[in-house]
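Me: I'd like to learn how to read a few features off a model. Could you walk me through them one by one?

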Amino acid sequence: MAVPKRKTSKARRDKRRASSYRLPKVALVRDPETNELVVPHRVNPDTGMYKGRKVLDVE
């Protein structure tokens, strides 16, 4: 059975554990019609457009 030669320091241990708490980076793309930054693969709530087609009726 493998046994560590040295004790893992608290700083090294905590750095490893902290990586799972990071927030993911949000990918944004430019909307070709309004030139705004929007989340990809989502219907634009302002215009109701998705992939160049009107899919929602926006009032």
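Me: Let's start with aspartate 14: is it buried, exposed or partly exposed?
Reply: Keep in mind that this is a predicted model. The general idea is that under 20% relative accessible area is buried, over 50% is exposed, and in between is partly exposed. Aspartate 14 comes out at 38%, so it's partly exposed.

Me: And which residue does aspartate 14 form a salt bridge with?
Reply: In general, you look for a side-chain nitrogen of Lys or Arg within 4 Å of a carboxyl oxygen of Asp or Glu. Here the partner is arginine 13, with the closest N and O atoms 3.0 Å apart. Arginine 13 has 28% relative accessibility, so it's partly exposed too.

Me: How many salt bridges turn up in the whole structure?
Reply: A search of the whole thing gives 1.

Me: Okay, on to the surface. Which residues form a nonpolar patch there?
Reply: That would be Val26, Leu28, Leu37 and Val39, which together have about 360 Å² of accessible area. Take leucine 37 as a case: it sits in strand S2, residues 37-38. Its relative accessibility is 49%, so it counts as partly exposed.

Me: How much space lies in the largest pocket?
Reply: About 250 Å³. The pocket is lined by 16 residues, and the closest to its centre are Asp31, Pro32, Val38, Arg42 and Lys51.

Me: What's the lining made of, by residue type?
Reply: You get 8 nonpolar, 3 polar and 5 charged residues. As for strands, S1 (29-30) and S3 (49-50) each supply at least two residues of that lining.

Terms used:
Residues are numbered from 1 along each chain as its sequence is written. This is a predicted model: local features need pLDDT of at least 70, side-chain atom pairs count only at pLDDT 80 or more; totals for chains, interfaces and linings use all residues. Side-chain values use heavy atoms; hydrogens and water are left out. Patches are made of residues with over 30% relative accessible area and no salt bridge: like charges are joined within 9 Å, nonpolar side chains (Val, Leu, Ile, Met, Phe, Trp, Tyr) within 5 Å. Accessible areas come from the Shrake-Rupley method with a 1.4 Å probe; for residues, only the protein chains shown count as cover. Helices (H or I, at least four residues) and strands (E, at least two) are DSSP runs, numbered from the N terminus. Buried means under 20% relative accessible area, exposed over 50%, partly exposed in between (1.4 Å probe, protein chains only). On a 1 Å grid over the protein atoms alone, a cavity is a set of points where a 1.4 Å probe fits but cannot get out, and a pocket is an open set with protein on both sides within 12 Å along at least five of seven lines; lining residues have an atom within 4 Å of a point. Grid points are joined across faces, edges and corners, and a volume is the space filled by probe spheres set on the points. Ala, Val, Leu, Ile, Met, Phe, Trp, Tyr, Cys and Pro count as nonpolar, Asp, Glu, Lys and Arg as charged, and the others, Gly among them, as polar.
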